[in-house]
Amino acid sequence: MPYFTSPADGTRLHYVDYGPAEGPVAVFVNSAHLGTEMWEFQMPALAEEGYRCVAMDRRGHGRSEDVWGGYDLDTLADDLHGLLDHLDLRAVTMIGHSMGSVEITRCLTRHGTGRVARAAFVAGIAPGVVRTPANPDGADPAAVLAANEVSRRDRAAFFASSADAFFALDRPGNEVSPEYVRYVLQCCLTATARATAAVQALVAEVDVAAELPKLELPVLVVHGTHDTSAALETTGRRAAGLLPDAELEIYEDAGHGLYVTHADRLVADLRAFMATTD
């Protein structure tokens, strides 16, 4: 099972590496609380087409080491860049879901774009979900913190109560079996209690609005109209407006879990994005 050591503090991090070693490289960055398993509809499909698809489990998640510290955005970005260095990846397309979008942003502004050709934000929380003077329509920080406290008291119930909204199951076409929903909930619970709380605290305060205009590379922004975790207007559309070279692709009726409900469309859009920006 492949592992590498974080350059930040020596944490042992697990990664997966699918497809041919010489193929065009796509590095997937996970949502909060989930590991590499979340990309089961994207990574194998693209690997079978000749892409090299790489992803890692964030510290405290999946099969990576259970550690107390390092959940600040700088350290998480260093972990991500450490993976690129460890595998000596070049001309990478970075693809991040939800929190992965801000980790990619910080990785690029902190370490540069020497190894990265393009990026995709899939239901990203970038620039940030909470209300700020520049984002007056963002979520109330107090409400986010209150939800985090509910999660701290009963993570299992908290995740279960959010599942229908996560996949926007009330919208037409969003068919996800109860068995798959239970599977995703179980995956969320493999993140440690410490990692869950620390990541949720980061989401409650993160704001990379000042960094997005510095990303001088093509960025595909994919977002759903019914995303209740990261509202389209305050995250996806706002990110696209701040990025110098962005393409916004809006999925009607999609929620935050569009990587499942709209899996085939997402694969097609990622494939087209990687092909047309070479």
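By class, seven nonpolar and two charged residues, but no polar ones, line the second largest cavity. This is a predicted model, in which local features need pLDDT of at least 70 and side-chain atom pairs count only at pLDDT 80 or more, while totals for chains, interfaces and linings use all residues. Residues are numbered from 1 along each chain as its sequence is written, and side-chain values use heavy atoms, with hydrogens and water left out.

**View 1. The second largest cavity and its lining.** The volume of this cavity is about 50 Å³, where a cavity is a set of points, on a 1 Å grid over the protein atoms alone, at which a 1.4 Å probe fits but cannot get out, and lining residues have an atom within 4 Å of a point. A volume is the space filled by probe spheres set on the points, which are joined across faces, edges and corners. Among the lining residues are Leu34, Glu37, Tyr180 and Tyr259, and α6 gives the most to this lining, with four residues. Helices (H or I, at least four residues) and strands (E, at least two) are DSSP runs, numbered from the N terminus. For the classes, Ala, Val, Leu, Ile, Met, Phe, Trp, Tyr, Cys and Pro count as nonpolar, Asp, Glu, Lys and Arg as charged, and the others, Gly among them, as polar.

**View 2. The largest cavity.** About 60 Å³ of space lies here, and the lining includes Phe28, Asn30, Asp57 and Arg58. By class, this lining has four nonpolar, one polar and three charged residues.

**View 3. The largest pocket.** A pocket is an open set of points with protein on both sides within 12 Å along at least five of seven lines, and the largest one holds about 820 Å³ of space. Of its 36 lining residues, His33, Phe158, Ser162, Ser229 and His256 lie nearest the centre. The helix α5 gives the most to this lining, with seven residues.

**View 4. His33 and Ala168, two residues with positive phi.** Most residues other than glycine have a negative phi. His33, in the loop between β3 (25-29) and α1 (43-48), has a phi of about 80°, and Ala168, in the loop between α5 and α6, has one of about 50°. His33 is buried (under 20% relative accessible area, with over 50% called exposed and values in between partly exposed, using a 1.4 Å probe and protein chains only), with a value of 10%, and Ala168 is also buried, at 2%.
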